[in-house]
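Dear colleague,

Please find below the structure that I am handing over to you. My findings follow directly after it, and I would be grateful if you read them with the coordinates open.

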Amino acid sequence: MNNPWALDDLLADLYHARKNGDLGRMAFVAYCDVRRWAREEGRNVLAEQAAGLITQSPHQSRDNFLEQIDALIGQLEALQRAKSAPPAENKPVPTFWPTDPHMA
């Protein structure tokens with residue numbers, strides 16, 4: 001990731017808007033900020049999803065829009081967890097093929 005703080009900032013902005021029920025801010029952050037960040041990170045599906053929150057409107061209901069925002073937040077949280085996970089150690093991958101010719 002180019003900017004490790006960008007994802008944290010996006011989530012903080014979405015959390016704040018979601019907590020306050022600010023639909024306009026949620027839409028703005030999703031379309032402008034999340035879409036731009038996702039494109040820069042090469043996450044085109046996420047960028048399309050964020051853009052779709054605006055371009056595929058009107059929504060059936062406010063609750064439907066909020067469900068989509070919550071799904072977007074969930075995906076960003078998953079990326080954040082993956083980013084903060086400790087790196088895998090350089091351990092050899094166990095083989096599942098028998099090395100003893102009598103076991104084959």
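Val-29 has a relative accessible area of 0% and is therefore buried, as that value falls under the 20% cut-off. This is a predicted model, and Val-29 belongs to helix α2, which covers residues 23-40. Beyond its neighbours within four places in sequence, Val-29 is in contact with Leu-10, Asp-13, Leu-14 and Val-34. Leu-10 is 19 residues away from Val-29 along the chain, yet their C-alpha atoms are separated by 7.5 Å.

The charged end of Arg-35 sits over the ring of Tyr-31, at 4.0 Å from the ring centre. As for aromatic pairs, the structure holds zero of them.

Helix α3 comprises the twelve residues 44-55. The buried residues in α3 are Leu-46, Ala-47, Ala-50, Ala-51, Gly-52 and Leu-53. Their cover includes α2 and α4, the latter formed by residues 62-84.

Finally, a word on confidence. The mean pLDDT of the protein is 84, and 77% of its residues reach 70 or more. Among the elements of the protein, α2 has the highest mean pLDDT, at 95, whereas helix α1 (residues 4-20) has the lowest, at 91. Where pLDDT is low, the predicted coordinates should not be read in detail.

With kind regards

Notes: Residues are numbered from 1 along each chain as its sequence is written. This is a predicted model: local features need pLDDT of at least 70, side-chain atom pairs count only at pLDDT 80 or more; totals for chains, interfaces and linings use all residues. Side-chain values use heavy atoms; hydrogens and water are left out. Helices (H or I, at least four residues) and strands (E, at least two) are DSSP runs, numbered from the N terminus. Buried means under 20% relative accessible area, exposed over 50%, partly exposed in between (1.4 Å probe, protein chains only). Contact means heavy atoms within 4.5 Å. The expected span of a helix is 1.5 Å times one less than its number of residues. pLDDT is the predictor's confidence in each residue, from 0 to 100. Rings of Phe, Tyr and Trp (its six-membered ring) pair if their centres lie within 6.5 Å; planes under 30 degrees apart count as stacked, over 60 as edge-to-face and the rest as tilted. A charge sits over a ring if NZ of Lys or CZ of Arg is within 6 Å of the ring centre and within 35 degrees of the ring normal.
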